[in-house]
Amino acid sequence: MRKTVIWILTLVLFTLSCPVGATEMEAALQLGEYGIMRGDPDGNYRLSDSISRAEFSKMIMIARNGAVCVPQETVFSDVDASHWASGYIASAAEHGIINGLGDGTFAPGSPVTHSQALKMVLHVLGYGQQAEDLGGYPDGYYAVLDTVQLMPDFPRDAEGATRGEIALLLVAALDVPLRRERKIFYFGEDGRLTSRTEVTVPDGQAATLRTALAASR
C-alpha cells in the first residue's frame, strides 16, 4: 500500500513539473544524454519558454557532430568573438546552415521561429538543396518536411518556437537518414550548360545523426 502511495505521488509530481506533456520532457531528456539540451541550474528544462537563435545554433551544431566550438569571430556584425555562442554561430555559417537576416546581422538574442528552426535542421541533415529546388524558404522546407516525415505536425508559421517544440523536432531529426548533395554541371544534348543534384552517402558516413553522435562519445 505504501509503495502504491509513493508511486502515485511521484506520478503527480512529475505531471505537475511537465505541464506541456511528458512527450516533450522525454525528448528533452534524450537530448540531454547527448549534451544537446540542458536544463537551468535547478534542473528545469523550461519547455514552454522560447529559445534564442544563439541557443538553437549551439544545439544544432552539437547535434551535427557532438563537438564543442570555441569562441571566434563571425561574419555577423552583431556577434563578435566575445559572445558566448560565437563559435557555434561561426561554424553554422561556415557550413551554410545559417545566413543571418540579410543585412549582415544575426540577431542572436531573438527567438528562433518554427520556420527558421526547420530550415537549419534540414540543412544539417543534408536536405537544404532539395528544399531550395522545391521553392526555397519557407515553403520548400515544409515540402521536404512532409517528404521525409521528420515531424509532420511541426507548426508551419513564423512564430517563436518553444523549447519543448524544439526538443521534439531535434529528437525526430536524430533518426532521419542523412543526405549528402552536390551539384553536377554538364552540357546537355542541346549544348546548354545544365545541372543535376547528385545524392550520395559516402563510405563510412554515419547513417543518422544518432549513430554519428553515438560514435563520437
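Student: What makes the pair Arg 46 and Asp 49 a salt bridge?

Tutor: In this predicted model, the closest N and O atoms of Arg 46 and Asp 49 are 2.9 Å apart. A salt bridge requires a side-chain nitrogen of Lys or Arg within 4 Å of a carboxyl oxygen of Asp or Glu, so the term applies.

Student: Why is Asp 49 called partly exposed?

Tutor: Asp 49 has a relative accessible area of 32%. Buried means under 20% and exposed over 50%, so a value in between is called partly exposed. Arg 46, at 36% relative accessibility, counts as partly exposed too.

Student: How do you know that Asp 40 forms a salt bridge with Arg 46?

Tutor: The closest N and O atoms of Asp 40 and Arg 46 are 3.7 Å apart, and because the cut-off is 4 Å, this pair also qualifies. As for the general idea, side chains of opposite charge can pair when their charged atoms come close.

Student: Is Asp 40 buried or exposed, and what decides the matter?

Tutor: Asp 40 has a relative accessibility of 19%, and since buried means under 20%, Asp 40 is therefore classed as buried.

Student: Which residues form a salt bridge with the closest N and O atoms 2.4 Å apart?

Tutor: Those are Asp 146 and Arg 156. Asp 146 lies in helix H7, residues 139-148, whereas Arg 156 lies in the loop between H7 and helix H8, residues 163-173, so the pair ties together parts that are ten residues apart in sequence.

Student: What makes Asp 40, Arg 46 and Asp 49 one network?

Tutor: Their salt bridges share partners, and this joins the three residues: Arg 46 pairs with Asp 40 and with Asp 49. In total, the structure holds four salt bridges.

Student: What is the secondary structure around these pairs, and how much of the protein is buried?

Tutor: The protein comes to nine helices and two strands, following the pattern α-α-α-α-α-α-α-α-β-β-α along the sequence. Of its 217 residues, 42% are buried, which means that their relative accessible area is under 20%, as it is for Asp 40.

Terms used: Residues numbered from 1 in each chain as written. Predicted model: local features only at pLDDT ≥ 70, side-chain atom pairs only at ≥ 80, totals over all residues. Heavy atoms only, no water. Buried < 20%, exposed > 50% of the residue type's maximum accessible area, 1.4 Å probe, protein only. Helix = DSSP H or I, 4+ residues; strand = E, 2+ residues; numbered from the N terminus.
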